[in-house]
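Please keep the sequence and the 3D view open while you read.

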Amino acid sequence: MQQTTRVSSRRVLSSVATLLGNASCPCDVPRQSFTTYSPQELQKSRKHSIPGDLVTWGSLGFCRTSRFAAGFMPLQHKPLNSIIDLERTTDRPVEDLIAIWDDYHLGRGHIGSFMKAKLYHLLEQRAANCRYFVIPLWRGNGYTTMFAQVQMPHVLFTGLEDYKARGTQAAPYFTVSYYTEFAEKDLVLIRGDVVFTSKISDSEAQWLLETMQSFYLNDNRYKLVERFNRETRDFEFKDVLKALEMPIL
């Protein structure tokens, strides 16, 4: 089990500099405003009665294990049509689709979420040139630093120390896939899978997903992502801690 460490911002910055060097990453993205689905919309979606035949109740197709496997290969993307019967969803409203997705993942040990298509396109645009970021995951009296690789439509999370030791061969602790089949309805479905339960819990994975998205979609927070990818020497990990209102250890 990776130990929770009281890592200073200087130590993390040193790790970042070692990993990324001074490679430039042009991220000329215009400042934009964005919105998300309101709690009222989500609550409304859960009130609908959804016929069970819209969902393919098959194997999820992702491996969950408590062991850390050296040389683990990235998980294969599970097609959306193996989860939802797409032919039966043609005329379904967004609220129904959200409810189907939420019900399918409920209690299954996996994470189901969603976002508006315009937000996804902004995330995709920004991630195209700024693919990496570090996020502190608070545990007890300290935090573990997680390394995110954002290569849409997938995101991989692993421990920074494991990434330093193994590079691109490091095994992901948590993977995320985005499904754009309903983009014309302004809806993108999100699926998260915890690969190593000994490394990260489902609740921590949910928090990492939401936090990663906030850094790419919030204009002020995204400046830190740009700095991390484009101006590594000027990146201060303590600024990430401040943004998340975490103590600087």
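What follows is a short briefing, grouped by topic.

This is a predicted model, in which local features need pLDDT of at least 70 and side-chain atom pairs count only at pLDDT 80 or more, while totals for chains, interfaces and linings use all residues. Residues are numbered from 1 along each chain as its sequence is written, and side-chain values use heavy atoms, with hydrogens and water left out.

**Overall layout**

- The protein has 8 helices and 6 strands; helices (H or I, at least four residues) and strands (E, at least two) are DSSP runs, numbered from the N terminus.
- Reading from the N terminus, the order of elements is α-α-α-β-α-β-β-β-α-β-β-α-α-α.
- Of the 249 residues, 47% are buried; here buried means under 20% relative accessible area, exposed means over 50%, and partly exposed is in between (1.4 Å probe, protein chains only).
- Among contacts with a separation of 6 or more, 70% involve residues 24 or more positions apart, a contact being heavy atoms within 4.5 Å.

**The sheet**

- Six strands form an open sheet in the order β1-β6-β5-β4-β3-β2, and the pairing is antiparallel; two strands pair if DSSP finds at least two bridges between them.
- At the edges sit β1 (111–115) and β2 (132–139), each of which pairs on one side only.
- On average, neighbouring strands of this sheet are turned by 25° against each other, direction ignored.
- Helix α4 (residues 117–129) packs on the sheet and touches β1, β3 (142–151), β5 and β6. The direction of α4 makes about 95° with that of β1; axes are lines fitted to C-alpha atoms, for helices over the stretch in contact, and angles run from 0 to 180 degrees between N-to-C directions.
- As background, strands of a sheet pair through backbone hydrogen bonds, either parallel or antiparallel.

**Strand pairs to look at**

- Strand β5 (residues 174–179) pairs with strand β6 (residues 188–194) in the antiparallel sense, over 6 bridges. Within this pair, Val176 stands opposite Gly192 in β6.
- β2 and β3 run antiparallel and are joined by 8 bridges. Pro136 has Thr145 as its bridge partner in β3.
- The hairpin of β2 and β3 has 2 residues between the strands, and Gly140 there takes a positive phi near 65°.
- β2 is mostly covered, with 6 of its 8 residues buried.

**Where two helices cross**

- The axes of α6 (residues 202–217) and α7 (residues 219–230) come within 5 Å and cross at roughly 95°.
- From α6, the contact is made by Ser214, Phe215, Tyr216 and Leu217, and from α7 by Asp219, Arg221, Tyr222, Leu224 and Val225.
- By class, this contact has 6 nonpolar, 1 polar and 2 charged residues; Ala, Val, Leu, Ile, Met, Phe, Trp, Tyr, Cys and Pro count as nonpolar, Asp, Glu, Lys and Arg as charged, and the others, Gly among them, as polar.

**Salt bridges**

- The structure holds 9 salt bridges, each being a side-chain nitrogen of Lys or Arg within 4 Å of a carboxyl oxygen of Asp or Glu.
- Asp193 and Arg191 form one of them, with the closest N and O atoms 3.2 Å apart; both Asp193 and Arg191 are buried.
- Arg230 and Glu226 meet in another (3.7 Å, N to O). They are 4 residues apart in helix α7, so about one helical turn separates them. Arg230 is partly exposed at 32% relative accessibility, whereas Glu226 is buried at 18%.
- Asp239 pairs with Arg227, the closest N and O atoms being 3.5 Å apart. Asp239 lies in helix α8 (residues 237–243) and Arg227 in helix α7, so the pair ties together parts that are 12 residues apart in sequence.

**Backbone details**

- Most residues other than glycine have a negative phi, and most peptide bonds are trans.
- Met152 and Pro153 are joined by a cis peptide bond, with omega about 15°; Pro153 lies in the loop between β3 and β4 (154–159).
- Asp186, in the loop between β5 and β6, has a positive phi near 60° and is partly exposed at 26% relative accessibility.
- Glu245, in the segment after α8, has a positive phi near 60° and is exposed at 75% relative accessibility.
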